[in-house]
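Welcome, and please open the model in your viewer. We will take the whole chain to begin with and then stop at a single residue.

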Amino acid sequence: MTKYSLPPMRPELVVCPKSDCGASDRIGIHSHQERRYICHTCGKTFAETLGTPLYGLKHPAWLVVVVLALLSGGCPIPAIVFAFGLDERTVADWHCKAGCHAKAIQDQVVCQGSVDLGQVQGDELYVKAQRGKAWMATAMSVFSRLFIWGAVARERDSALVEQVVVKARAAALLGRPILWAVDGFAAWKSSVLRVFRDPQRTGKRGRPPLVVWAELHIVQVVKRYTGRKLSGIERRLAHGCLRCAEAVMLLSQVNLGVINTAYIERLNATFRTWMPALTRRSRTPARDLAHLEAAMFWMGCVYNFCRVHSTLQGTPAMAADLTDHVWSLDELLRYRLRRE
């Protein structure tokens, strides 16, 4: 086993956590041994892990990182409990904290209007939970393989889908053509058309009309079944220009010009592989929606920033120009979030 070593302390990247101070240019190192910073503006010291999932834990950081690495790769909690002699509630608490931290990173790094999305694919997953069924909707950018956002709810409806679409718009670089490739679920089309529009200023009195983005295109892949057997696939343009949609597909996917949802289905298969609660015959179903959401964001964030894809020769976050290197799990956990 390789020796666990802590990353160097970098006060230039730290902001004072006091809400009435917020200084960032006068932060120093108070103690290397205790790994504490000091704000020379207000005189307060604070732990390096403040504001991260590693703060205030009674177990060593290396153990937390190892456990969360196993969880991101699909290791069931009972196996981790057996291997390390931990309490099941402790592991579940670490998982939830890491998931909330990952969700905030997705919001503050991915969904900041700097990603050239190109082709976006969206889909839904049926999930069996201990307290009944649930649905998980996800969206990704095909060119960079970037997981954009996900949402969890009891019902498969427009409210579930719209959460994902809103975050996709927040991530989108303005002025660039966007192609949405979805299945036949009508909520995707209506949500995209409702979210991807802006007020058109005419100079007249009253509320300006909302106009759909000119460079927005939507295609649908509708699968027909006879009983449980697939009987046919219908590919159709739901909104926009077919020629422009094919041009976006040409730049983003391997199967040139073929309307499909293969990439998001492959990502969902990855979710099912790495999240034990999503396996079709699981003995560890999700306890509640909050835990399922935390597991989804933790796995999705590790997928974006820490896992190298052979086709990309880097991570999805690198392909989307959100970072210039592969993040370690320790770096991901120690990432200091901006205060809202």
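For the charges, Lys and Arg count as positive and Asp and Glu as negative, with His and the chain ends not counted; each charge is placed at NZ of Lys, CZ of Arg, CG of Asp or CD of Glu. Select these side chains: there are 45 positive and 28 negative ones, and the centres of the two sets lie 4 Å apart.

This is a predicted model, in which local features need pLDDT of at least 70, side-chain atom pairs count only at pLDDT 80 or more, and totals for chains, interfaces and linings use all residues. Residues are numbered from 1 along each chain as its sequence is written, and side-chain values use heavy atoms, with hydrogens and water left out.

Next, colour by pLDDT (the predictor's confidence in each residue, from 0 to 100). The chain's mean is 88, and 94% of its residues reach 70 or more.

Now show the cartoon, with helices (H or I, at least four residues) and strands (E, at least two) as DSSP runs numbered from the N terminus. You will find 10 helices and 11 strands. Select helix α4 (residues 158–171), which has the highest mean pLDDT among the elements, 97; strand β3 (residues 45–47) has the lowest, 85.

Finally, go to strand β10 (residues 216–226) and pick Gln220. Is Gln220 buried or exposed? It counts as buried because its relative accessibility is 6%, where buried means under 20%, exposed over 50% and partly exposed in between (1.4 Å probe, protein chains only). Show its contacts (heavy atoms within 4.5 Å): beyond four places in sequence, they include Val182, Phe185, Glu234 and Ile259.
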